[in-house]
Amino acid sequence: MLNCVMGATKVAQRTLAALDEERMADVVAFTAKTLATGRPVPFGALIVHTGSGETLVRATNSVARDNDPSSHAELRAVRLACKKLKQPSLAGYTMYSTCEPCAMCMANALWARLDRVVYGATIADASKHCLQIHISAKTVAARSDMDCVVDGPVLRKESYRLFTHPNMLAAFGQWSSAKPEKAGKK
């Protein structure tokens, strides 16, 4: 009996991992479409129903377009999802993000009561190209009263390619949050 349960758990974990990869590939492909535009971004987010996997919303970063430093992909996705559902809670939903959420985005995910957050590239990956707050999403979640599972990185290489696309590399130089070549902590 114990072996059957352990076997079923391993199958469920493999199935969840496969679903995570499929959904991450979806949000990477969605975000990659911006690379052919005048305002490319490497940050994209997807929110799906945790049980059914049905897509609720997708969003990309629009900080430059909106002139709003809080217009990160994850925040935009949460705003769109809550508006679509006409409620402030996203309990029963999972977010997939092409990059590990910053502290602001992870806090927002917690306030929205998301079940899970799954990310691709890491904060350290993003920090190679643009300024970051070096607090992991898992740390933010662990220091919260709200429950949210944080998993990642998933499809890290594929997600990081968004950051290294030639159009994205050119765009980073124009961002107000571009990483200075010789940035150092004071």
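**Exercise 1. Find the buried residues of α3 in this predicted model.**

Solution. Start with the cut-off: buried means under 20% relative accessible area, exposed over 50%, partly exposed in between (1.4 Å probe, protein chains only). Under it, the buried residues of α3 are A73, E74, L75, R76, A77, V78, A81 and C82. Next, the cover: β1 (44–49), β2 (55–60), α2 (63–66), β3 (93–99) and α4 (103–111) are among the elements over these residues. Helices (H or I, at least four residues) and strands (E, at least two) are DSSP runs, numbered from the N terminus.

Residues are numbered from 1 along each chain as its sequence is written. In this predicted model, local features need pLDDT of at least 70, side-chain atom pairs count only at pLDDT 80 or more, and totals for chains, interfaces and linings use all residues; side-chain values use heavy atoms, without hydrogens and water.

**Exercise 2. Trace the salt-bridge network that contains R116.**

Solution. A salt bridge is a side-chain nitrogen of Lys or Arg within 4 Å of a carboxyl oxygen of Asp or Glu. The whole structure has six. Take D20 and R116: their closest N and O atoms are 2.8 Å apart. D20 lies in helix α1 (residues 2–32) and R116 in strand β4 (residues 116–121), so the pair ties together parts 96 residues apart in sequence. Both D20 and R116 are buried. Now take R116 and D151, again bridged at 2.8 Å between closest N and O atoms. D151 sits in strand β5 (residues 149–151), 35 residues from R116. D151 is partly exposed, at 26% relative accessibility.

Notes
Contact means heavy atoms within 4.5 Å.
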